[in-house]
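Subject: Handing over the structure

Hello,

Here is the structure I promised to pass on. Please have a look at it first, and then read my notes below.

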Amino acid sequence: MRQDSLHNDSLPSSKATPAEQERLAQLKGQIRHHDYLYYIKDHPEISDGEYDRLFRELTNLERAYPELVTPDSPTQRVGASPLNKLGKVQHERPMLSLDSLMNSEEVLAFDQRMKRELGTDHIGYTVEPKFDGLSVEIVYDHGTFVRSSTRGDGQVGEDITMNLRTIRSLPLQLETGSYPDHLVVRGEVYMRLSDFHALNRRMTERGDDAFANPRNAAAGSLRQLDSHITASRPLVVTCYEVTAMTGAHPPSHWAELEMLAMCGLPVPHLRRRCETIDQVLAFHRETEDQRDNLPYEIDGVVVKVDRRDWQAQLGMKSRSPRWAIAFKFPPRKEITEVQDIVISVGRTGTLTPLALLKPVEVGGVTISRATLHNADEVARKDVRLGDTVRVERAGDVIPAIAERIPVSDEVRSDPFHMPPHCPICGSAVAREGAYFYCTGQAACPAQLKGAVEHFASKTALNIDGLGKKTVAQLVEHGLVKDLSDLYRLRPEQLLELEGFAERSSTLLLEAIARSKHVTLDRFLMGLGIRQVGQHIAKVLAKEFGSLDAMMSADCNRFQNVHEIGPEISESLVSYFQESSNRRVIDELRTLGVSIIDTPSAQSQAVLPFSGKSFVFTGGLVRLTRDEAKALVERLGATVASSVSKKTDYVVAGTAPGSKLDQAQKLGVTVLNEETFLGLIEQQKGS
C-alpha cells in the first residue's frame, strides 16, 4: 500500500546544499512521474516499497529544509487543518447540467435538430462515459493547481481546494511546457468500485454506517471540513472539458481532451470520435454491454458536437448547452433470493422492513439489502423469506425490490408481519396508516440523537449550543442515554469532546440550566410526540393546564378537545402509557426541570385577552416574534397567521407585509410596537 505521509522525527534545519536542492527536485519529479503511471495510466513501473522509499527520502529532506517545501510537492497531499466551513467560489464559466435522453429516437431527433440549426447534413460527435460522481471545477495557473470547487448552483460552488489536493490522480503540477498560463477544466470525482467496497467493509467493521453507493461516498468524502478525512478516502478524478484558458483554444472537443492528456491530466479512456449519429448509438450499445465490467460506475454516455465553433454557434439554454446531451442507460434489474427480512429503526422511530439478499451485482454495485418501504408494500408484493425477487436501483441509486418471481414447486415461508416490540429498545410498536413506529422515542437508542436535537431546538427547550455535531458526540460517547442525562452533564465530560474548551463547556451547561424552567407547551413540543407540533402543543397546554392531567387522560378525553382527532389521541396515549417515557419525564423533574403550568381553558375566561385574536406582521425591535406571541398567549389571546373580520388586533412592526393592508381594509385595530407594549403593560396591571 503506498503511503501518503511518513512520520519521522524532524531533522535539524540548516541551509540546503546545491546537491540537496537538486536531489529534492529530482525526487519530486520522480514521484510525480510514478503517480502518473500508477494513478492515471494504471501501469506502475516500480514496487510500492520502492515508491515508499522515494517518498520517505523526500519527506526527510523537506523536514530538514522546510523553506524548500512548495505547494506542488507530493508531500502536500496529506491534508491540512480542519476548516470551520467551506467557502464560496464564483465559477469562471457557468457549470451547466445536461439534458437527459432515454432512447434512441430522442437522440436521432437531437441529431436532426443540430443539423437543422447548423445548416449541414454532416455532424461529428465525441462520446464518452457519463461518470456517476461529483462534478468539480479545477484551476491551474502557470501549470500549478491553485483552486477547485463543487458545481453548487452552477454559478457559485463550495471551495474544496484542500480536499482535491489529496486526490493522487490529480497532478499538482502539469507537464512542463505543454500547458497554457491559465487553465480551467471541469472533471468528475468518483470512487472505483473495488475501492468503494473496501471502504464500506472498513466502515461496517468499525460500526459506522456504510455508504449507499459510490456517488454518495465520493460526495461525502469531498465535502469534508477536515481534508485528512478526504485523504483517507480512495477518490479519483477524470477531466473531460476545458471551460476557460489563455491562448488559442483547440478546434474540437476531441483535440481538447488530447491537450488535457498531454498536460498530464486524467481524461476518459473510454471515448470515441463518431462521424455519424449511428456510430453514437453503436457506442452507447457497446458501453452498456461493458457496464458490468467497468471498474467505475456510469449511468450513460455524454454526446457532444465535436467542433467548438459549432458549439459556440449553437449556444446555451438557461441551464444546459444546446450542443450536448446525456444519453442515459435504463435502470438495472437483477434476480436474487431473500435470505432474511429485518427491521431498521430510523431516527424518528419509523420501522422499515429491509430484505437481506443473496449478494447480486446491480449496475456494477454489489447489492446485499433492499428496502421494502413498509408493511403494506411487503403485503402488496407478497415478499417472504426465501423468495426469488427482482431487484432494481430506483433512479439508478436506491436498491429496492421490484417484484417477486414465482418459482415452480417452491415451498414458501409464512407471510411477513411487523414485530409487536421495537427490536432496538423493546418498547411497544404502534401503527399510523401504512407505517409502524417505536413508541420508546427518547428512550430508544436508534432515535436518541434525533430526539435530543428536537428537545433542544428553538421551538422546544431552546438550548443554545446543542447542535447536531455536539449531540452526536454526547450520544456516541455514552454521556447521554436519554433526555434526562443532559441535566447530569459535568464540565470535565464536555472537555473530553472535540471542539470543547473551558469557555464553550461553561456556555453549554449554562444554556442547559436555563432550560430547566419551561412552559408546558414547549416541554410537550420537546418530547417529540408523534403528531404533536407547536400548534397542537399549545392547544393541549391550554386545555389540560398541567402535564399530569394530560398523562392521565384517555383517548376519549383527548378527542373531546377541539382539533384533536383519533390519530393524535392514539399517539398521545401510546406515548404516555410507555413506561420508559414516563421514567424519563420523572427523571427530568427530579433533576430540576420545572414545567410551568398553563391556565386551563376554564380559568382563561377571566384572562385580559381571553377570546381576543392577534396577528403579527413585520419585524419587532424590542422583542422577537416568538416572545411577542408568548406575551399575548399568556394573557389568554390566540395568535392567527392571517387577518379576518374576527381579528381583534394586528401588530405591525418594521417592513410589514400585505397583512397590514388587509387589516386597514377590514377596519381591524392596528398597533405599532410601542402601543402594543403599552397595551400589554396596561392589561398586566389590570
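A word on classes before anything else: Ala, Val, Leu, Ile, Met, Phe, Trp, Tyr, Cys and Pro count as nonpolar, Asp, Glu, Lys and Arg as charged, and the others, Gly among them, as polar. This is a predicted model, where local features need pLDDT of at least 70 and side-chain atom pairs count only at pLDDT 80 or more, while totals for chains, interfaces and linings use all residues. Residues are numbered from 1 along each chain as its sequence is written, and side-chain values use heavy atoms, with hydrogens and water left out.

First, the overall picture. The protein has 686 residues, 48% of them buried (under 20% relative accessible area with a 1.4 Å probe, protein chains only). Its secondary structure comes to 24 helices and 24 strands, taken as DSSP runs numbered from the N terminus (helices H or I, at least four residues; strands E, at least two). The C-alpha trace spans about 90 × 80 × 55 Å along its principal axes.

Next, the cores. A nonpolar core is a set of buried Ala, Val, Leu, Ile, Met, Phe, Trp, Tyr and Cys residues joined through side-chain atoms within 4.5 Å. The largest one has 55 residues, and I463, L540 and F576 touch the most other members. Helix 17 (534-544) is among the elements that give two or more residues to this core, and its six residues are the largest share. Leaving aside neighbours within four places in sequence, F576 is in contact (heavy atoms within 4.5 Å) with L524, I529, L547, M550, M551, R582 and I585. A second, separate core of 33 residues includes L134, I167, L170 and A219.

T470, V471, A472, Q473, L474 and V475 are buried in helix 13, and their cover includes helix 12, helix 14 and helix 15. After helix 13 comes G478, with a positive phi near 75 degrees.

Finally, the structure holds one cavity of 30 Å³ or more. A cavity here is a set of points on a 1 Å grid over the protein atoms alone where a 1.4 Å probe fits but cannot get out; lining residues have an atom within 4 Å of a point. Y437, T439, Q441, I529, R530, S571, S574 and Y575 line the largest cavity: three nonpolar, four polar and one charged. Helix 20 (566-577) gives the most to this lining, with three residues.

Enjoy exploring!

Methods: On a 1 Å grid over the protein atoms alone, a cavity is a set of points where a 1.4 Å probe fits but cannot get out, and a pocket is an open set with protein on both sides within 12 Å along at least five of seven lines; lining residues have an atom within 4 Å of a point. Grid points are joined across faces, edges and corners, and a volume is the space filled by probe spheres set on the points. Buried means under 20% relative accessible area, exposed over 50%, partly exposed in between (1.4 Å probe, protein chains only).
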